[in-house]
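Please keep the sequence and the structure at hand while reading.

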Amino acid sequence: MLKRSFHAPTLSAKVVLGLASVVLLGAATMMPARADIKIGFQAPLTGPSATDGKSAQIAGQMAVEDINSAGGVLGQKLELVIYDDQAKSDQAIFTANKLIGEDGVKLVVNGSYSASGRAAAPIFQKAGVVMISAYGVHPDITRAGDFMFRLVHLGPPQGAATALYIGKTLGLKKVSTITMDNDYGQATMDGFLEAASKYGIEVLSKYSYSLKDRQFGSIVASVKRDNPDAIYATGYFFTGGPLVAQLRAAGITVPIIGSQAFDSEKFVEIAGPAAEGTYIVDSFDRDRKDEALQKFFTEFKKRAGYAPEGVAAITYSAVMLMADGIKRANSDDPAKVRDALAATKDFPTLEGSLNGFNSLHEILMPISVNVIKDGQFKPAGEITDLSAFAPPEK
Amino acid sequence: MYYIDLAVTGVSIGCMYAMMSVGLTLVYGLLRILHVAHAAVFALGAYVVVLVANATGSLAVGFLAAIIVTPLFGMAIYRLLYEPLLKYRPDVPMIASVGLLVLMQDAFRIVFGEQGITFRSTFAFTTYNFAGITVSAVQIAIVVTAAAIFAGLHLFTTRTRIGVGWRATVSKPQIAASFGIDPIKVRYLNFAIGSALAAVAGGLVALLNNLVDPGIGFVVSYKALAIIVLGGLGSVRGTLVASLVLGLVEAYGTIFIGAWLDRDAIAFLALIVLLMVRPQGFTGARTA
């Protein structure tokens, strides 16, 4: 009796345990359905390009939080898997392989520069991973294949749009050009030089400088001798700031037109009063009456301690677009997301409405111009003639 | 007018190069170490100047703080990094030096932020016009400071006991030691003065750019090395000449090849050509 009564509960306990393990197993196999959708994210968080990487990282995280607090995508939360690529190709390849192999990521937002994005692109393409390059401007990124997308205007279209703006909108014909001699600076300038004659622009002289340089004395003296109607310079805000300050210090008063990456409040801080009147082409319109933009602006400033620049806005939009692609594909399967992204139509980014992508997955979107007025970025028109700066189809 | 504008640029950049390279050549002359981390000292100087100047509202206080802090830092590099490694081959301390530079650059980024710091003072935007030639106040400051410093150094090394001892140790260490000069003290003095010079140069470059960012030491890290090679490693006079020559070559080089090559490329092209003609450098008295 005693023995029996002792055995009975043991048996039932075994059954309970067995049942429990079945339930647990079931739960475990069901887990992936409820797990987060991982989005791989590469940005230069250390090294000389960390300025932009940091902004991209903060913006990317903000986008994910905004998506998740609004209920996530397809009932799942998004998760950003972040790696530092130092804007270097070797680090980009290494972390791309890590994202694919270790993290099992199928979708990637690249918040990094041309050199690293261009190195990572073929690896993601081969693995069938969708990548949106937020602001990498090298043509090779989208040429890597059909899983690649770019959310920024290529350098040459930016340059072509600048030629239209200087020659037609501003009506200035004699231009001296100053090129930053990296991929971005040169590609953008090439687009300008190619389109310049279409608008009757005569290029008086061409100068180039290195990304590391901050002293432009000899270029400034030469530009002064050229006596142009306008100066077009490609560069980043940390080269553009000293450049504009030194041009103005030499008594040069003609309009200066800067490329997209001048777009930062730090530019105004560095160049001080000399920044006044500088035009920035493909800069983001901070005054646009858009609730999402204003909310982003306030929140970013709170987190970063400085105002968001173009890089931040575009990276935020890239994560948002990826989420939208998943939603429209109704799946996180990369091939389906790719098709959904390719079919994007009138997607609201922080920088305005994205018309869509061309066959090479380059964006079709108007370019806005800002001018510095009283130390603030003020809208100075929009270049809407998309045919004047059509991106390549292959 | 154009050529004078270029000369102003060339001379002011040359003076700046001189201030940053002299410390480097002195360290090489004394210890046979390529003190790559000199660039970190230069950057530290720039940061101290901008931070103290913004906090106190006085550029003078900023520079004063920099020439107090950086010599201590320079001497610490010698004591903690180089001295323990002197018993190894010369490339060992050099690699340690490169490591320190990389470490410091990211340390600056982490501590002071990626975005860089600008001056509150409007001195950076002050310019003077002399009959159509515009010269900025910072350019004048660079030339005047460099002239004063090198005149002072010349007096120090020819008129004072400690200065003569220093010079003697750099050129003939054994004989100097036998005359009772403490070579270790000379090493500290060397790092202190070299670092203070780099800090002044760093502060002036920061003013010229109105920006101190973690990458500010880049220029020093490679161009100053080129200058001391050109000057005939270890020679102060050669370094001064090489600095001015390089400043002017960069300035005038822009006229001819500015469309295809940037300033750094022009500088290194000139370096290669000059070294082919004069492999021993400008002075060539004391090549390693």
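## Basis and domains of chain A

The model is predicted, and the values given here are computed from it. Chain A is divided into domain 1, which takes in 37–153 and 288–361, and domain 2, which takes in 156–281 and 371–389. The centres of these two domains, taken over C-alpha atoms, are separated by 28 Å.

Contact between the domains involves nine residues of domain 1 of chain A and nine residues of domain 2 of chain A. On the domain 1 side that touches domain 2 of chain A, four residues are nonpolar, four are polar and one is charged.

## The parallel sheet of chain A

Five strands of chain A form an open sheet with parallel pairing, in the order E2-E1-E3-E4-E5. Strand E2 (78–84) and strand E5 (148–150) of chain A are its edge strands, each pairing on one side only, and the twist from one strand to the next averages 20 degrees. Within this sheet, strand E1 (residues 37–43) of chain A pairs with E3(A) in the parallel sense over four bridges, and Ile39(A) stands opposite Leu107(A) in E3(A).

Two helices pack on this sheet. Helix H3 (residues 89–101) of chain A touches E1, E2 and E3 of chain A, and its direction makes about 150 degrees with that of E2(A). Helix H12 (residues 310–329) of chain A touches E1, E2, E3 and strand E4 (130–133) of chain A, with a direction at about 160 degrees to that of E3(A).

Where in chain A is Gly111(A) found? Gly111(A) lies in the loop between strand E3 (107–110) and helix H4 (114–126) of chain A. Gly111(A) counts as buried because 35 other C-beta atoms lie within 10 Å, where the cut-off for a buried residue is 20 or more.

Leaving aside neighbours within four places in sequence, the contacts of Gly111(A) are Phe41(A), Gln42(A), Ala43(A), Gly53(A), Ala56(A), Gln57(A), Gly60(A), Ala134(A) and Thr315(A). Asn355(A), by comparison, is 244 residues from Gly111(A) in sequence and 21 Å from Gly111(A) in space, C-alpha to C-alpha.

## The mixed sheet of chain A

A second sheet to consider is an open one of seven strands with mixed pairing, ordered E7-E6-E8-E9-E10-E15-E16 in chain A. Strand E7 (202–209) and strand E16 (376–383) of chain A are the edge strands, each of which pairs on one side only. Neighbouring strands of this sheet are turned by 25 degrees against each other on average, with direction ignored.

Strand E10 (residues 279–281) and strand E15 (residues 367–373) of chain A pair in the antiparallel sense over three bridges, and Val281(A) stands opposite Val369(A) in E15(A). E15(A) also pairs with E16(A) in the antiparallel sense, over six bridges, with Ile372(A) standing opposite Phe377(A) in E16(A). E15(A) and E16(A) form a hairpin with two residues between them, and Asp374(A) in the turn has a positive phi of about 50 degrees.

## Chain B

Chain B has eleven helices and two strands, and along the sequence its elements follow the pattern α-α-α-α-β-β-α-α-α-α-α-α-α. The radius of gyration of chain B is 19 Å, close to the 19 Å that the globule rule gives for 288 residues, so chain B is as compact as a globular protein of that length.

The C-alpha trace of chain B spans about 60 × 45 × 35 Å along its principal axes. Of the 288 residues in chain B, 53% are buried. Among contacts in chain B between residues at least 6 apart in sequence, 75% join residues at least 24 apart.

## The side of chain B that touches chain A

Between the chains, 34 residues of chain B are in contact with 36 residues of chain A. At least two residues of this side of chain B are supplied by each of helix H1 (2–31), helix H4 (91–112), strand E2 (133–136), helix H8 (183–209), helix H9 (218–230), helix H10 (236–257) and helix H11 (263–277) of chain B.

The largest share, five residues, comes from H1(B). By class, the side of chain B that touches chain A has 13 nonpolar, twelve polar and nine charged residues.

Note on methods. Residues numbered from 1 in each chain as written. Chains lettered and ligands numbered in written order. Predicted model: local features only at pLDDT ≥ 70, side-chain atom pairs only at ≥ 80, totals over all residues. Rg over C-alpha atoms; globule rule 2.2 N^0.38 Å. Buried ≥ 20, exposed ≤ 12 C-beta atoms within 10 Å, placed from the backbone. Contact = placed C-beta atoms within 7 Å. Nonpolar A, V, L, I, M, F, W, Y, C, P; charged D, E, K, R; others polar. Pairing = 2+ DSSP bridges. Axes fitted to C-alpha atoms, helices over the stretch in contact; angles between N-to-C directions. Domains from an automatic or database assignment.
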